[in-house]
Each structure stands twice: as C-alpha cells, then as structure tokens.
Amino acid sequence: MCSTFQLGFNNFINFTSFAVKARSLRTRAFSPLTVGVMGSKRLLSNSSVSASSTVEGKTDKKLKGLATADLNSDEGEVKGNGGKGKVVGQGKNDNKEQGLVGTNQNSKEGAFKDIMSNPGRINAMTVQQLKAALRNAGLPAKGCKSELVSALKSYLDKQLDGESSHLGDEQLSSISAQSISVTGKTKTLSGELDAKIVMKGKKLSIKEKKPSQAIRKASLVIDGKDASDGVNVPMSQSEPWTIFAHKKPQKGWIAYNPRTMRPPPLTGDTKCMKLMSWNVNGLRALLKLEGFSVLELAKRENFDVLCLQETKLQEKDVESIKHSLLEGYENSFWTCSVSKLGYSGTAIISRIKPLSVRYGLGISDHDSEGRLLTAEFDTFYLLSAYVPNSGDGLRRLPYRITEWDQSLSNYMKELEKSKPVILTGDLNCAHEEIDIHDPNGNKRSAGFTNEERQSFGTNFISRGFVDTFRKQHPDVVGYTYWGYRHGGRKTNKGWRLDYFLVSESIADKVYDSYILPDVTGSDHCPVGLILAL
C-alpha cells in the first residue's frame, strides 16, 4: 500500500554541513524537488520546504524515528498498483524556519524556546521528558539520564551558536532504505543547480552539474559526523577512518585523515630517520594473509626501523621468519614469551645496525613474557614495548599500575641519563577521552580505567615523555585499534593504544607522528614517526 509523503528536506539533509561548500548552494534556496521511493509507508513533513515528490525504492520502518505522519487528503494523491506504485504529493511552504520535524511544529518550537531561555531546567527534567525532547529534535534518545542531559545541552548549545546539524551518524545508521533518489533543479543566487542525491543504507552521495562558474562540481559521500562546530564531513566507505565516531565529542574535534593531515615529504638532502611500529596480533598469521606483503609496505613507507608487538612467536620459529621477512633489513632482534608459548613477543627490524641491544627490563618478574626490546642508535634509544593488558575482570590491573608501569618508567629515565629515549608500541592505554570512541561506556574496561590512565600520566607524561601524535594533533580523533567482535573498523569505533613517546629534549625534532589506518591484517594498524637528525 502506498501513501502520500512529504520530504522535510531542510531537516533530512543538511547541505551546509558538506566539506565541499559551493557558496551558491543554500538549503533554503531549493525549489520543489522530485523524489522517488517505492513501497514507502512513512510520511515526512516539513512546512519549511515545498516539495513535489515521487518516491521509488524501499524504506525501512526505522524512518519512523525521523518524522511523524501527517496524512492530508488535500495535499496529496496516492496512485498504486497492487501495493507497488508511485506516491505523488504536494507540500505547502509557509516560509518559516523550523528546526524540528512533526505535526505540532509551533508547540515544539515553543517548548525549545522555553528550555533555551532557561537551560537550568534540563537537569530537572525527567528521563521521559528528556527523551521526548531529543526525539522531537530528531536526535537519538538512548542512554542514562546524564547522557540524555549532555546530549540535549550539546544540541541547545549548537542552536544558540547558530549551528544546526540534525543528521548525525547514529541517525544515518537508523536509515536502512534500499534506495532513495532525489532529482531536481534548484535556483540559487548564482544560478541553477541540477542535483542528484542518492542514499543507500548509510551512504549518501551528491552529484551536481555545473551550469555556471559560480557552482563547483562536487561528488560527496557522507557516512558520519564531524564534531567540529557540528559540521558533517564527506566520508567514504573506502576510508572508514575518516568517519567521526565519538560518543562524547568536544567542539573542534575532527577525525584523522592522513591524506590531508600529514606534512609534505622531506627533501632528499634532509637527514631523518623513519620509525614504524605495529602490533601484528600474530606474525605468522599475518604473513599467510592473501594479498598482504610486508615487502610492499616497506617499499611504500620506506621505514628505517620497524618495531613489532604481539608477534606470538616461539624461539624455534624466529630463524625461519626473520630470514624471509624483509630484504635490505639485515638487523633483526626478537624476544619471545617463555612462560606462555605463542604469546606476546616483540621485535625490532632495522636496516641500520644498532650500537647495542637489550632484552627486557632486566627484572626477572617482568621479562618472561618477551614484552620489551631496546636498540641503541647514535642519538637515541628506541624501545619496542607490548605493555601488559589488565585482562578480563581487570585481574592484572594491580600488577600493571604498581609494578610494570613504574619499572618501565624508571628504566627509561635511567637510559635518558646518557641519551634521549623513544618508546613505541602497544601501550594498552587510551590516555584521554579523545582517544576512545565511547569513554563513558568503557570506564571499567581494560585500557581505559582511571587507574591505568592516571598511571600513564604519572609514569610517562609527567616524567617528561611527550605523546608525539597528540602534540602534533591536539584535537584530532585518530584510532589505532578496532575490535574484531563488532566490526569496529567499518564504523571507526576504535581506541588509540599505540604511541610514540619521546624525551622532551628531542620532541621538537619530530617532523611527523602519524597513523596508517588503511593497513589491515591486524586489529591494530601501524603508527609512524619521522625524526629529523
């Protein structure tokens, strides 16, 4: 059965949020559009936009969360054939700016004006009132009261700042329409724009023709939300790491994109050393992956030293592995777990011969799991570390924060007496809330407990070791680990657990500290550091 449907275009798609911004593209400048969807049983209304709509495709029942039905026999006519057909509707434009979708627009605006004039009321609202307010605003209404209060305050702050971004990543994920196509011609101050908008699942793209020089060509794909001033950025299924995925975003935060955020390559006559680190989560399994080539990675990144963690090798496997791994990297050093075979393990592979190599911390209680290697080079010490995870039920948390972290920190400070220190590897701690996609939901998860974060700050940051990525990118959300269980890579719901920490004395020599999120094969991705010499 088909029914009449109006598309609240101004709320459904926020054109001002696209990263490619043609100055002539204005949301309110759109003239009636033609929309095609088949089999839709939902009606979206917004009196701020007039529409002449034809709908073809399948829409999911989850569209119910985006709008409320308002069938009016005066505004539309249903033409169907056996439940499949076209829905034709006429919408009326009252030329009023409205921020909510629904039938009782004036009452909703009045309610929000009351709240905006007295934000202190939010804390006194009940959970049901908070959820109702968020739903009216077209926002997700899930979580405990504190999360609902935070979400509503954030929304109102954006309204007060003149910002409007009603279509977040959670709303996009609630749309499972097989295909929604919108084609039409719009008039702007600069001329006419032929636009075609196609949405499939969570993927929304806009293709536009260029009728005049004032309108730029654009092909945009949106999969997520950028928290910087509440503005959405173009996303691509092929680059999921550019999705802004954070449940507690702060103003100014943006998603990491190495294509646009890395500095230009150094000139050939500039002396530098390129270091890379990667938790491979089992080296033998990685090398067996079809299509993976560590040699190709070496050619692409041209690193001088590669540090590995969680190799899961036994000592009997090392010789066969290291001779077949990389050409041109003749110096490799490996340490394996002897207390639990096929567990943990670290390595340093280098085309530059180090002056010396140390295995472990020199403390028997810490050195049976093969978690640390130290290579001494001319101007610094390089440590490849795989810090113990606090484990299920946080059973190793006391050992981690009272023994391991302190011992590693003291060891680094001792080395620092002779030359600067660089610590890299999987440090198993998302230090700040910006380093994890869901801080509130992981407060008692290994790697993000208050105890681990405080220990990280006390034993490393406060003792003069600089987090190079965070120094270079203070407001960038970049992850290095995505769990397999929930397909975290596809939605960019990750953690930043892999670091390069350096002595303050050489922090200014760091030319680039970066993440390579496109490299797959492990639940972690490589991180890199370019150090000017």
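A search of the whole structure, which is a predicted model, turns up 5 aromatic pairs. One of them brings together phenylalanine 303 and tyrosine 329 in a tilted arrangement, 5.3 Å centre to centre with 45° between the planes. This pair ties together distant parts of the chain, 26 residues apart.

**More on the aromatic rings**

- Where do phenylalanine 303 and tyrosine 329 sit? Phenylalanine 303 is in the loop between α9 and β11 (305–309), while tyrosine 329 is in the loop between α10 and β12 (331–335).
- Phenylalanine 303 counts as buried because its relative accessible area is 0%, and tyrosine 329 is buried too, at 7%; the cut-off for buried is under 20%.
- Phenylalanine 377 and phenylalanine 380 make another tilted pair, with ring centres 5.6 Å apart and planes at 40°. Both of these phenylalanines are buried.
- Ring pairs also join Phe456, Phe460 and Tyr499 into a cluster.

**Helix α9**

- Which residues of helix α9 (residues 294–301) are buried? They're Val294, Leu297, Ala298 and Glu301.
- Those four cover an arc of only 100° around the axis, so they end up on the same side of α9.
- The general rule behind this kind of pattern is that an α-helix has 3.6 residues a turn, so residues three or four places apart point the same way.
- What do the buried residues of α9 pack against? Their partners are β10 (272–279), α8 (283–288), α10 (318–325) and β21 (510–515).
- Just after α9 comes asparagine 302, which takes a positive phi of about 55°.

**The second largest pocket**

- The second largest pocket has a volume of about 1100 Å³.
- Its lining is made of 40 residues, and the ones nearest the centre are Asn389, Asp392, Ala446, Tyr481 and Arg485.
- Sorted by class, the lining of this pocket has 17 polar, 13 charged and 10 nonpolar residues.

**The whole protein**

- How many helices and strands does the protein have? There are 14 helices and 22 strands.
- Of the 533 residues in the protein, 52% are buried.
- Take the contacts between residues at least 6 apart in sequence: 66% of them join residues at least 24 apart.

Notes. Residues are numbered from 1 along each chain as its sequence is written. This is a predicted model: local features need pLDDT of at least 70, side-chain atom pairs count only at pLDDT 80 or more; totals for chains, interfaces and linings use all residues. Side-chain values use heavy atoms; hydrogens and water are left out. Buried means under 20% relative accessible area, exposed over 50%, partly exposed in between (1.4 Å probe, protein chains only). Helices (H or I, at least four residues) and strands (E, at least two) are DSSP runs, numbered from the N terminus. The arc is that of the directions from the helix axis to the C-beta atoms. Contact means heavy atoms within 4.5 Å. On a 1 Å grid over the protein atoms alone, a cavity is a set of points where a 1.4 Å probe fits but cannot get out, and a pocket is an open set with protein on both sides within 12 Å along at least five of seven lines; lining residues have an atom within 4 Å of a point. Grid points are joined across faces, edges and corners, and a volume is the space filled by probe spheres set on the points. Ala, Val, Leu, Ile, Met, Phe, Trp, Tyr, Cys and Pro count as nonpolar, Asp, Glu, Lys and Arg as charged, and the others, Gly among them, as polar. Rings of Phe, Tyr and Trp (its six-membered ring) pair if their centres lie within 6.5 Å; planes under 30 degrees apart count as stacked, over 60 as edge-to-face and the rest as tilted.
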